[in-house]
Amino acid sequence: MAEEKNIIMRTENLEIRFPLKKNTIFLKRKYVHAVSDVSVEIFEGETFGLVGESGCGKSTFANATLGFLKPSGGKIFFRDEELDVKNKHKLRLQRNDMQKIFQDPSTSLNPRFTVEQTIGEPLRIRGGSSRNEQKEMIADMLKKVGLSENDMKRNVSDFSGGQKQRIAIARALILKPRYLVCDEPVSALDVSVHAQILNLLMDLQGQLGITYLFISHNLASVRKLCDRIAIMYLGRIVECGSSQAIFSNPLHPYTMALISAVLDTSSDSGSKRIVLRGDAASPIDIPEGCAFFQRCPFAKEDCKKLSCELKEYEKDHFAACPFINKK
Ligand SMILES: Nc1ncnc2c1ncn2[C@@H]1O[C@H](COP(=O)(O)OP(=O)(O)OP(=O)(O)O)[C@@H](O)[C@H]1O
Ligand SMILES: [Mg+2]
């Protein structure tokens, strides 16, 4: 019998838009359409990758799943319970099980705090444990992230970038979350520590069984870490599938272009390098039809008009292009 997968995070036609200031009261208000009609399911214990170029809506999507943004449309469910940003009490309880690691630990952590204060703060805010119990939990977490109990009294500012990210990971994990957003967790760090931090995240997932939403521009890391991947373009998911399927058989022209740009032509996709023309359309005036039309090397006249819904092309592998297999 097929293994049942529990869904931990689910969005249903999620829409997030930000209003722009109006220059005059006579003009219709315009919006930045950061996330449009996104329906995804993230399974308990997996690493779900979210990939796409800068400004396509990855962080907005991630922040919405943490209850930081009110959906302009659609719904978000955490373990089958809807995230309701108006219900502050319930949201606080749900948030105890969710955390985020930021891109740059030098700005996300207070440099004047000691390591003990930094990691212990969420425990103090939650309450319900004595100082000694908190100290024990912090010491244990420090070991898990590859630091030492002796580091507790040192100031955060004394540590290197990679060590600061370890402290940030310890702080994020101290309340034992089940869902962790890793929004470009190594891109602000020296290249020499990227592998160490990514390996640490993988080890911790193995030990603690946490679900990761992993956002990165580095496709090689995404391929290594993620079980499934969603490719985002201008706020929409254009392809979603297992890491293996996406890299060995990319279906959407945008995915093909992303993969061909980073992996050499001898990769298992076997495809030639696809160079994208021009820039992405503005998220303020999203064109009708396929949003990728202007840059797609396979574009046809019809693509200007056809709406591109995600369809399943092979088992659990979805893409949003009506001309797949017809290119
Ligand atoms: N608070 C906000 N107000 C207005 N527009 C916003 C706001 N936050 C994000 N945006 C816009 O929404 C779009 C998506 O932004 P987002 O930060 O989610 O992109 P991203 O994919 O995370 O990019 P990057 O890879 O550079 O981090 C962008 O056009 C951005 O300018
Ligand atoms: Mg971002």
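Here are some notes on the ligand site, the pockets, the cavities and a couple of individual residues in this structure.

1. First, a caveat: this is a predicted model. Please read every distance, area and volume below as computed from that predicted model.

2. Let's start with ligand 1. There are 14 residues around ligand 1, and the closest are S54, G55, K58, S59 and T60. By class, the shell around ligand 1 has five nonpolar, six polar and three charged residues.

3. Now for the backbone contacts to ligand 1. G55 has a polar backbone atom 2.7 Å from an oxygen atom of ligand 1. For G57, a backbone N or O atom sits 3.0 Å from an oxygen atom of the ligand. C56 also has a backbone N or O atom placed 3.2 Å from an oxygen atom of ligand 1. As for cover, ligand 1 taken alone exposes 640 Å², and the protein buries 62% of that.

4. Which elements give two or more residues to the shell around ligand 1? They are β2 (31-38) and α1 (58-65). The largest share comes from α1, with three residues.

5. Helix α1 deserves a point of its own. Seven of its eight residues are buried, so α1 is largely enclosed by the rest of the structure. If you want to click through them, the buried ones are K58, T60, F61, A62, N63, A64 and T65. K58 and T60 were also listed among the residues closest to ligand 1. Just after α1, have a look at G67, which takes a positive phi of about 80°.

6. On to the largest pocket, which holds about 660 Å³ of space. It is lined by 23 residues, with M98, Q99, P122, R171 and L175 closest to its centre. Four elements, α2 (88-95), β7 (98-101), α4 and α6 (161-173), each supply at least two residues of that lining. The one that gives the most is α4, with five residues. Sorted by class, the lining of the largest pocket comes to 12 nonpolar, five polar and six charged residues.

7. While you are looking at α4, check I119. This residue belongs to helix α4, which covers residues 115-126. Is I119 buried or exposed? I119 counts as buried because its relative accessible area is 0%, and the cut-off for buried is under 20%. For a sense of scale, I119 and Q207 are 88 residues apart in sequence and 19 Å apart in space, C-alpha to C-alpha.

8. The second largest pocket has about 490 Å³ of space. Its lining takes in 22 residues, of which S36, D37, R236, C308 and E309 lie nearest the centre. The elements that give two or more residues to this lining are β2 and β11 (236-242). β2 gives the most here, with four residues. You'll recall β2 from the shell around ligand 1, where it gives two or more residues. The lining of the second largest pocket divides into 12 nonpolar, seven polar and three charged residues.

9. Rolling a probe the size of a water molecule over the atoms shows where empty space is left. How many cavities of 30 Å³ or more turn up in a search of the whole structure? The search finds two.

10. The largest cavity has a volume of about 100 Å³. Fourteen residues line it, and C290, C296, C303, C321 and F323 lie nearest its centre. By class, that lining has 12 nonpolar residues, one polar and one charged.

11. The second largest cavity contains about 30 Å³ of space. Its lining is V51, L219, I231, I246, F247, T255, L258 and I259. Two or more of these residues come from each of α9 (243-248) and α10 (253-262). Helix α10 gives the most, with three residues. That lining splits into seven nonpolar residues, one polar and no charged.

12. If you only have a few minutes with the viewer, I'd pick two stops. One is ligand 1 with α1, the element that gives the largest share of the shell. The other is the largest pocket, where α4 gives the most to the lining.

Key. Residues numbered from 1 in each chain as written. Chains lettered and ligands numbered in written order. Predicted model: local features only at pLDDT ≥ 70, side-chain atom pairs only at ≥ 80, totals over all residues. Heavy atoms only, no water. Near = heavy atom within 4 Å. Polar contact = N/O pair within 3.5 Å; in protein donor to acceptor, adjacent residues only side chain to side chain. Areas by Shrake-Rupley, 256 points an atom, 1.4 Å probe, with all protein chains shown as cover. Nonpolar A, V, L, I, M, F, W, Y, C, P; charged D, E, K, R; others polar. 1 Å grid on protein atoms, 1.4 Å probe; cavity = no way out; pocket = protein on both sides within 12 Å on 5 of 7 lines; lining within 4 Å. Points joined across faces, edges and corners; volume = space filled by probe spheres on them. Buried < 20%, exposed > 50% of the residue type's maximum accessible area, 1.4 Å probe, protein only.
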